[in-house]
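Here's a structure to look over together. Have it open, and let's ask where some of the labels come from.

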Amino acid sequence: MYIKQVICNCNINMMNGYDLSNDYVIAELVKDQILENIFSFLNLKDLKNCMLVCKTWFRILGDENNELWRFHCIRRLSEEVLRSDLLSNLPTYKTKLRAYLHAWSPNDCSRNIYIKPNGFTLHRNPVAQSTDACRGKIGFSRGRHAWEVIWEGPLGTVAVIGVSTKQAPLQCQGYVGLLGSDESSWGWNLVDNILLHNGDTQGDYPMMNNSPKYQVGERVRVILDCDSGTLCFEKKYEFLGVAFRNLPFNTKLYPTVSAVYGNTEVSMVYVGLPLDG
């Protein structure tokens, strides 16, 4: 109702001769610039609902690189991170904003971890004899999802990436593979290329002879298929094979890492629907 009143006040001359009781007429006649200005005051949930109103609104909100999405993006992200290499694989403002909303959660991590101001990078404090983990803000229980993990500091003796449920612990004593230490988490230890789940090693990964070790700064793409219950990884755009099968259905799984090295940093960038081929 508020949107309708604003539109009518801005377009009285243009609306003359039209039935203003018809919401569809109002929605279709308003100029794009006025709609973009109004949409800039709405939250993201309301914008999602607005996409269902009519073809015109869907077209405007479907343009992922227009001024509207730029406005919402710069409200949350600094110019520095928007221009950084970290988000270089995300072509539009809307995909960058979506990645930010899926990034590491400052409220779902070990007390020895904090999230840096860019919103995408976690920093593990130098605490001795501790293994610390962090989860993403949003978990997934259906569909296919991909995100990139970039380890930007030393790995230490254990550096694990993967997924977990909310039940998985985020801190423990000693230097261990915390992610994969129970039935609620699944992880790939980048240091020695082994898979971890339920406290046991699940074999070497990837399944190839003389598999190269992870190099600091490389991007690893994590691919979660909730519908088929599989977790896979890619490195340098090379598919490394299925790491885990039979993941639980109808259970939210969160992007997760666990680290042991002091002052190491790990970034996570949500990509969205993985590309096949």
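What follows is a set of questions and answers on this predicted model.

Q: Why is isoleucine 74 called partly exposed?
A: Its relative accessibility is 33%. Buried would need under 20% and exposed over 50%, so isoleucine 74 counts as partly exposed. As for where to look, isoleucine 74 sits in helix α7, which runs over residues 67-76.

Q: What makes Glu79 and Leu82 contacts of isoleucine 74?
A: A contact takes heavy atoms within 4.5 Å. Once the neighbours within four places in sequence are set aside, isoleucine 74 is in contact with Glu79 and Leu82.

Q: How far apart are isoleucine 74 and leucine 97, in sequence and in space?
A: They're 23 residues apart in sequence, and their C-alpha atoms are 8.8 Å apart.

Q: Why do the buried residues of α6 count as lining one face of the helix?
A: Start with which ones they are: in α6 (residues 55-62), the buried residues are Thr56, Trp57, Ile60 and Leu61. Look down the axis of α6 and they fall within an arc of 120 degrees, so they line one face.

Q: What makes the buried residues of α4 line one face?
A: Helix α4 covers residues 32-39, and Leu35, Ile38 and Phe39 are buried there. Down the axis of α4, the buried residues fall within an arc of 100 degrees, so here too they line one face of the helix.

Q: How much space lies in the largest pocket, and which residues are closest to its centre?
A: There's about 540 Å³ of space in the largest pocket. It is lined by 14 residues, and Lys48, Lys94, Arg98, Leu101 and His102 are the closest to its centre. The elements giving two or more residues to that lining are α5 (44-50) and α9 (93-101). Helix α9 gives the most, with five residues.

Q: What kinds of residues make up the lining of the largest pocket?
A: The lining divides into seven nonpolar, two polar and five charged residues.

Q: How do the totals look for the protein as a whole?
A: The secondary structure comes to nine helices and 15 strands. Of the 277 residues, 51% are buried, meaning under 20% relative accessible area. Among contacts with a separation of 6 or more, 62% join residues 24 or more positions apart. The accessible surface is about 14100 Å², with 50% of it belonging to carbon and sulfur atoms.

Key. Residues are numbered from 1 along each chain as its sequence is written. This is a predicted model: local features need pLDDT of at least 70, side-chain atom pairs count only at pLDDT 80 or more; totals for chains, interfaces and linings use all residues. Side-chain values use heavy atoms; hydrogens and water are left out. Helices (H or I, at least four residues) and strands (E, at least two) are DSSP runs, numbered from the N terminus. Buried means under 20% relative accessible area, exposed over 50%, partly exposed in between (1.4 Å probe, protein chains only). Accessible areas come from the Shrake-Rupley method with a 1.4 Å probe; for residues, only the protein chains shown count as cover. On a 1 Å grid over the protein atoms alone, a cavity is a set of points where a 1.4 Å probe fits but cannot get out, and a pocket is an open set with protein on both sides within 12 Å along at least five of seven lines; lining residues have an atom within 4 Å of a point. Grid points are joined across faces, edges and corners, and a volume is the space filled by probe spheres set on the points. Ala, Val, Leu, Ile, Met, Phe, Trp, Tyr, Cys and Pro count as nonpolar, Asp, Glu, Lys and Arg as charged, and the others, Gly among them, as polar. The arc is that of the directions from the helix axis to the C-beta atoms.
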